Amino acid sequence: MSKKKDRSLFPPLPESLPASVIDNHTHVGPDRPGQEQNVVDGQWKYPLLIDGQVAAMKQVGVSAAITVGCEIPDLDEAISLAQSDESFYAAIAIHPNEAPLHAGILEVGPDGLEPRTSPHHSLSLDEAVAEVAKRATADRVVAIGETGLDYFRTAEEGRLAQQECFRAHIALAKELDLPLQIHDREAHADTVRILEEEGAPERTVFHCFSGDAELAGVLADNGWYASFAGTVTFPRNEDLRAAARVLPEQLIMVETDAPYLTAHPMRGRPNAPYLVAHTVRHLAEVREVDLGSWCERLTETTREVYGLD
């Protein structure tokens, strides 16, 4: 009988990239008191502590990552990590799936899951966005996000709260002249409509881009950016690869959205910023470009969008 694969083990290090890149959207939390790194047969076991994260990033050519705090308890943690370790920057916002909970809306969404509240949801939606605004000028906060719309998880009443929250974040990003990282899940038309109605920030990024060549054309027409995650490597996602082929190279970035969405063929295992190397290589193959030049182009774009040194 074969031994069952341990899906809590992180994948091995991919081959080092010929030039450095930046993971522009991930969720790396701080080490917790008492945590120790567990290693099984030479592989890291979840969770991967910060020292391990950074060591792995350096070994494969990932120079930095933007870690995202999108619930009230995560805001200060993302900022603290970015301020304590130069390998990280921070983006902060109220996630669209958090918006209905702050608005007191507890309806079951299309996914069939019962909403689960926590003490921080006692803040109203306006109060929650105000908490983001209070922290958004902190050192090493480089974006407002992730914000946007998620119609996979949220039913009709909650969608209105998401839209209200999205509009507030658009206004905040423009007020502070920060990039906006957008979460758009099964809500392309309304996401584009609201950006057009409100006037999109100068630097607008569709994180974990989930559209097709048609939506990619909308982004290109508006100068909006598409950030591709490991999903572009999944065999069934030809629409994503078609989008990656038609977008101008200067509008493309890469991300992991860790700890989920690990790139093929490591799908199902934990994700981390060092694994963005798989997505970088895959996109270079899809676009039929030199890998070294592609890494340099991705890094240049990411630094320009987020104003990184």
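At roughly what angle do the axes of helix α5 and helix α6 cross? In this predicted model, the axes of α5 (residues 156–176) and α6 (residues 188–198) cross at roughly 45° and come within 11 Å.

The crossing of α5 past α6 is right-handed, meaning that the near helix is turned clockwise from the far one by less than a right angle. On the α5 side, the contact (heavy atoms within 4.5 Å) is made by Gln163, Phe166, Arg167, Ile170 and Lys174. Residues of α6 in this contact include Asp190, Arg193, Ile194 and Glu197.

The axes of helix α9 (residues 276–287) and helix α10 (residues 291–306) form another crossing, at roughly 115°. That makes α9 roughly perpendicular to α10, and α9 passes α10 in a right-handed crossing. Val280, Arg281, Leu283, Ala284 and Arg287 of α9 meet Leu291, Trp294, Cys295 and Leu298 of α10.

| Helix pair | Axes come within | Crossing angle |
|---|---|---|
| α5 and α6 | 11 Å | roughly 45° |
| α9 and α10 | 10 Å | roughly 115° |

Axes are lines fitted to C-alpha atoms, for helices over the stretch in contact, with angles from 0 to 180 degrees between N-to-C directions. Helices are DSSP runs (H or I, at least four residues), numbered from the N terminus.

Residues are numbered from 1 along each chain as its sequence is written. Local features of the predicted model need pLDDT of at least 70, side-chain atom pairs count only at pLDDT 80 or more, and totals for chains, interfaces and linings use all residues, while side-chain values use heavy atoms, without hydrogens and water.

Methods: Helices (H or I, at least four residues) and strands (E, at least two) are DSSP runs, numbered from the N terminus. Angles under 35 degrees count as roughly parallel, over 145 as roughly antiparallel, 65 to 115 as roughly perpendicular and the rest as oblique.
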